[in-house]
Amino acid sequence: MQSSPEINHINSISQLMRLLELPAPSHPLIALVDYHDVNIETFPKGQKISLDFYKVSFKSAFTGQIKYGQGYYDFEEGGLAFLKPRQLVFPPEDSASYEGIALYFHPDFIRNYPLGKTISQYGFFAYNVAEALFLSASEKEIIAGLFISIANELKHHIDHFSQDVLVSQLELLLNYSNRFYNRQFITRKAVNSDIVTTLDRLLAAYFDEGNSLKNGLPSVKYISTELKLSQRYLSDMLRSFTGLNTQQYIQHTVIEKAKEKLSSTNLSVSEIAYQLGFEHSQSFSKLFKTRTNISPLAFRQSFN
């Protein structure tokens with residue numbers, strides 16, 4: 001794929017190293033870059049960048065802003081941020097200054113390993129970078145140690161065991177990141193509670209204002225866009241906070257609205273289904289029974 005004037009599409013890690021005026025990587029499918037060695041003026045201001053490979057940024061200290069899509073990465077203590085292939089990123093702002101390391105690895109590097117099949121389960125690669133992982137001092141120490149191990153392995157002569165070792169180290173890095181994200185969800189309860197409160201208001205307004213009649217059931221994409229969060233981050237946060245992902249939370253709200261109408265109005269089941277955004281009343285009845293173990297009619301009769 002050719003780069004457009006607006007998007008600089010980088011196909012390989014070797015190509016990226018050349019653009020950054022850095023030595024060729026010791027392995028063509030994986031590389032570490034020290035931010036101290038990178039000139040932030042390499043890419044024109046405002047130009048978007050698209051990589052054909054994964055990136056894990058470990059910033060030990062950071063000031064300024066980096067724009068990703070419509071959001072910004074902006075926290076002084078640094079931390080971890082993740083990019084999946086083809087996720088657009090902007091170069092740093094002129095005022096940005098940071099220390100740390102970037103790890104790049106191509107999907108082909110892990111393709112023949114179990115990690116190649118399971119990497120999609122690491123949801124943070126689908127997060128916005130504004131939803132980056134904040135690290136405590138002890139967590140930073142662990143992550144720094146892992147990056148040092150990867151760096152040492154890459155400095156040695158590449159042999160038949162190098163890829164096995166590096167993939168194992170990658171998997172360990174991602175598993176620790178999973179653990180630390182879970183900790184972040186738990187320790188940021190106040191922030192998450194505010195998000196859930198806003199979500200409840202958003203869903204209530206959606207049904208009360210009749211949007212379900214015009215647009216059908218609210219989608220995960222609609223909800224995440226309104227909350228200015230990535231779909232995966234919102235689902236992971238909700239699951240940690242409520243035990244339900246976004247789709248399940250929407251369905252829970254729909255069922256509660258249905259119970260309210262079944263118990264307090266004379267609307268038929270079909271009319272209620274239509275008001276809630278279902279095209280077919282059978283779909284509504286099936287969801288209701290799945291979630292409550294009772295049919296809508298039986299639920300209504302229990303109030304009579």
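Guide: Let us start with aspartate 52, which counts as buried because its relative accessibility is 16%; buried means under 20% relative accessible area, exposed over 50% and partly exposed in between, with a 1.4 Å probe and protein chains only. The model is a predicted one, in which local features need pLDDT of at least 70 and side-chain atom pairs count only at pLDDT 80 or more, while totals for chains, interfaces and linings use all residues. Residues are numbered from 1 along each chain as its sequence is written, and side-chain values use heavy atoms, with hydrogens and water left out.

Visitor: Where is the place of aspartate 52?

Guide: Aspartate 52 sits in the loop that links strand 3 (48-51) with strand 4 (54-63). Helices (H or I, at least four residues) and strands (E, at least two) are DSSP runs, numbered from the N terminus.

Visitor: Which side chain does aspartate 52 join in a polar contact?

Guide: The side chain of arginine 86, at 2.5 Å. A polar contact is a pair of N or O atoms within 3.5 Å; within protein, one must be able to donate a hydrogen and the other to accept it, and residues adjacent in sequence count only if both atoms are side-chain atoms.

Visitor: And what else is in contact with aspartate 52?

Guide: Leaving aside neighbours within four places in sequence, aspartate 52 is in contact with His9, Ile10, Asn11, Pro85, Arg86, His106 and Pro107, where contact means heavy atoms within 4.5 Å.

Visitor: Changing topic: how many helices and strands are there in the protein?

Guide: The protein has 13 helices and 9 strands. Of its 304 residues, 44% count as buried. Among contacts with a separation of 6 or more, 72% are between residues 24 or more positions apart.

Visitor: Is isoleucine 195 buried or exposed?

Guide: Isoleucine 195 is buried, its relative accessible area being 16%. It lies in helix 6 (residues 189-208). Beyond four places in sequence, isoleucine 195 is in contact with Leu227, Leu229, Leu234 and Met237. Its C-alpha atom is 9.1 Å from that of leucine 234, 39 residues apart along the chain.

Visitor: At what angle do helix 6 and helix 9 cross?

Guide: Their axes cross at roughly 105° and come within 11 Å. Axes are lines fitted to C-alpha atoms, for helices over the stretch in contact, and angles run from 0 to 180 degrees between N-to-C directions. That makes helix 6 roughly perpendicular to helix 9; angles under 35 degrees count as roughly parallel, over 145 as roughly antiparallel, 65 to 115 as roughly perpendicular and the rest as oblique.

Visitor: Which residues make the contact?

Guide: Helix 6 contributes Lys189, Asn192, Ser193, Ile195, Val196 and Leu199, and helix 9 contributes Leu234, Met237, Leu238 and Phe241.

Visitor: What about lysine 228?

Guide: Lysine 228, not a glycine, also has a positive phi of about 60°. Its loop runs between helix 8 (220-227) and helix 9 (231-242), and lysine 228 is exposed at a relative accessible area of 69%.
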